[in-house]
Amino acid sequence: MKFPAPVSVQWIGDLIHAEIAGNTAASVSGINEIHKVEKGDLVFVDHPKYYETCLNSEADFIIINTKDVSIPDGKTILVVDEPFEAYLTIVNHFRPFVPAAQTISSDAVAGEGTVIMPNVFIGPAVTIGKNCVIHPNVSLLGYTSIGDNVVIQAGAVIGSDAFYYNTKKNRPVWYKRMQSCGSVVIENDVEIGAGCTIDRGVTAETRIGAGTKMDNMVHIGHDTTVGKNCLFAAQVGIAGGTIIEDGVTLWGQVGVSKTLTIGANAVVLAQSGVPSSLAGGKTYFGYPAEDASLKRRELVWIKRIPELWKKVMEG
Amino acid sequence: MKFPAPVSVQWIGDLIHAEIAGNTAASVSGINEIHKVEKGDLVFVDHPKYYETCLNSEADFIIINTKDVSIPDGKTILVVDEPFEAYLTIVNHFRPFVPAAQTISSDAVAGEGTVIMPNVFIGPAVTIGKNCVIHPNVSLLGYTSIGDNVVIQAGAVIGSDAFYYNTKKNRPVWYKRMQSCGSVVIENDVEIGAGCTIDRGVTAETRIGAGTKMDNMVHIGHDTTVGKNCLFAAQVGIAGGTIIEDGVTLWGQVGVSKTLTIGANAVVLAQSGVPSSLAGGKTYFGYPAEDASLKRRELVWIKRIPELWKKVMEG
Amino acid sequence: MKFPAPVSVQWIGDLIHAEIAGNTAASVSGINEIHKVEKGDLVFVDHPKYYETCLNSEADFIIINTKDVSIPDGKTILVVDEPFEAYLTIVNHFRPFVPAAQTISSDAVAGEGTVIMPNVFIGPAVTIGKNCVIHPNVSLLGYTSIGDNVVIQAGAVIGSDAFYYNTKKNRPVWYKRMQSCGSVVIENDVEIGAGCTIDRGVTAETRIGAGTKMDNMVHIGHDTTVGKNCLFAAQVGIAGGTIIEDGVTLWGQVGVSKTLTIGANAVVLAQSGVPSSLAGGKTYFGYPAEDASLKRRELVWIKRIPELWKKVMEG
């Protein structure tokens, strides 16, 4: 999330009661989690295991729970006891949760020719392009941006909060939600099936590329980027922070793990599971998804075990 | 889709600016895609690979992008450059998309004893029988027909558009939706779980047979026919154009591919995948779904590979 | 379900036109199905195969379709021709289905700081604690109880009817719904993803333990008990009557069968299927879910079959 305008790091320090060290005169442009952080951004870290990653990331400002680190040139650390709570304080300040006063937010914008069917919820700062159809009982949560000629079938949810938690197992509530302040961007000519759910970015964006079509009950996790002209059949699930390049086809009930890449024009056959990145232009099958022809041959080999057994055991 | 009344093929030709050849005096009763076409219907074809199939189908009228075919006796061809666009023109003329003016369409019909809970959307030309319960936040899109004693749990979507596209990868938008003008028919005593989605037929109907029960989040694709007294557990997905005969049981998360048949009283165990037709009266398991006892034995054989290896490699 | 106050077994006998035998002077505290029955409860049985189980269960009162059983000391039988119909009569008397007169029931209770977003349905006898957010298009069906600091994302359904049927294949409608009179209890600090569905208990309760977090499109069956601080990724499905102990993690698209137990702190990897109970504290994978490291080794063994084949067949 970018702030409405850059803010002095001193002001941020005061807001979260931090001790500041390093470049104390700089201005902060926004806040992002570590996978999405950009130059000028704040990031937070509360575990020594990740100190170095955060200090050496694109982030210029690091909220951290120690002073005993060497600060890279030109960067700033903001030292607090509870960096996660400081993150929540900043997000709540700049993007507070506002209970909806009406079913369609007064600042919603919809282009010419767009049809909003009954029982649709539209949250704050949502924009919808031209010639779209938003079917009944759809929820478009805040900060969702929709292009032209987009169709969203009934009951779909766009912009639900990221499934992303701060985890500590030494407290009564192990998982504390990292409050989402990101968004969803749906490009032109996308179609989204009935009952699909697309989470918004934690701090950045979830993006669905132009011309992509999804069948019913497809789940897209936070901060995932889907390319152009992809085709996802029903009940596909894609976890967070993943990149699906252009022209990828995922058949029914395929599951894709987080923060990996599926290359352009890859095809993944029904019910396959993708635990790690796949090169583009090939057809995959099974769990873990592998070259489909190899995997099919494996199924044949399994059927030959009894014959092998007989030969070996009976001489 | 049948037209309200038969229409002269000359009139259709004028509507889509087609050159007509063959039997130019005939009347057209409706329009259907190739899998569902009936005598008296129009069908369209735009790829030479499918010319013969369409010319020799039940269709009496073929919208086509060539004159160089031999027209079967008594049939008519309508020649245009873009048959797919002609299809859209005809569908839009006879069944235009009408933005809903109200949450429950003024032409909706519900029988005695039927309860419609709050936040339910009902589109045009929907009929509901007697003693049904339609739970909150359900969407019944246009042209859905529901029998007696039907229960639809909260959040379900009936009659969403078919996931069916005209595909050409040499244009910016690869997939163009073949606009649905079909319907959903739900027979007596059916129960549909929370969050289920049932797509309507592209041009014909999706049908759920009497007494069939579905658990939550079941997906049924367009033009699929489900028999009587079937039982589908949660998160089952069935693709389009498939036939599930009477008394079939599909356990949780089973996936069924398109345009195949599962025979009467078959049972498919949880998480199995069905890529091709299955005979009735048996129990199936795994991917691809096979006789369950054979498949279970395969799992045992796999566990014996290390023993086999030892025997062979160590002599 | 407990009755509002204990009721004489004579009164129940009159309601269902039963002949009573055994302890005819006792009072009945409630009605429950056999998996959940407690002392003082009524239960019903209509198949000789289950007569003994029911007579010797915790139930003090048994609705049964025979007189030819020996009645355990102090217990009562209520003899009718159709025990299932008698069950429905009792449930309908004490918890009749009431069509909702409004979108939010007039007896709904919500604590301080709780936000109910637009298009939410709230049925009768629902209580919601403090500082909760109920997102748009959520359905909270009757008798749902929600703790403090609970977040329910858009489109979720809590309290849909159990997928639980009286089955007889010698009648036109094979499956008759056992009308649900149970409830859902969601403890403090739970978060439920967009499009999730949680069925209520048939006669008892479905419970989600404090601090548990669910991603989108998770399905929880009737009468299932989920412990504290569990984490369920998207598209997980859990059938009815199952016990998930504290701290269990289920990754995406995992399926869990009915009436089994997964022990505390178990982890089940993505797309696995759990057909029977699993001990706590371990990581599982595959179908049927087994120790993940063993299962991974199996995948390696399968790849070695061709080498084995070559060695054996070619000498």
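User: How many helices and strands does chain A have?

Analyst: In this predicted model, chain A has 5 helices and 34 strands. The C-alpha atoms of the chain fill a box of roughly 80 × 60 × 40 Å along the principal axes.

User: What share of the residues of chain A count as buried?

Analyst: Of its 315 residues, 59% count as buried. The cut-off behind that word is a relative accessible area under 20%. Chain A exposes about 12000 Å², and carbon and sulfur atoms supply 52% of this area.

User: What makes B:Asn216 count as buried or exposed?

Analyst: The relative accessibility of B:Asn216 is 1%. Buried means under 20%, and B:Asn216 therefore counts as buried. B:Asn216 lies in the loop of chain B between strand S22 (213–214) and strand S23 (219–220).

User: Which residues is B:Asn216 in contact with, leaving aside its neighbours within four places in sequence?

Analyst: In chain B, the contacts are with B:Gly193, B:Ala194, B:Cys196, B:Ala234 and B:Gln235. B:Asn216 is also in contact with C:Ser160, C:Thr197, C:Asp199 and C:His219 of chain C.

User: How is A:Asn23 classed by its relative accessible area, and why?

Analyst: A:Asn23 has a relative accessible area of 28%. Buried means under 20% and exposed means over 50%; the value lies in between, so A:Asn23 is partly exposed. A:Asn23 is placed in the loop between strand S2 (19–22) and strand S3 (27–31) of chain A.

User: What does A:Asn23 touch, not counting residues up to four places away in sequence?

Analyst: A:Asn23 touches A:Val9, A:Gly74, A:Lys75 and A:Thr76. From C-alpha to C-alpha, A:Asn23 and A:Phe61 are 9.0 Å apart in space, although 38 residues separate them in sequence.

User: How do you know that chains B and C are related as by a three-fold rotation axis?

Analyst: Chain C can be laid on chain B by a turn of 120° and a shift of 0.0 Å along the axis, with an RMSD of 0.0 Å. The two copies are thus related as by a three-fold rotation axis.

Notes
Residues are numbered from 1 along each chain as its sequence is written. Chains are lettered from A and ligands numbered from 1 in the order in which they are written. This is a predicted model: local features need pLDDT of at least 70, side-chain atom pairs count only at pLDDT 80 or more; totals for chains, interfaces and linings use all residues. Side-chain values use heavy atoms; hydrogens and water are left out. Helices (H or I, at least four residues) and strands (E, at least two) are DSSP runs, numbered from the N terminus. Buried means under 20% relative accessible area, exposed over 50%, partly exposed in between (1.4 Å probe, protein chains only). Accessible areas come from the Shrake-Rupley method with a 1.4 Å probe; for residues, only the protein chains shown count as cover. Copies are superposed by least squares on the C-alpha atoms of residues with pLDDT of at least 70 in both. Contact means heavy atoms within 4.5 Å.
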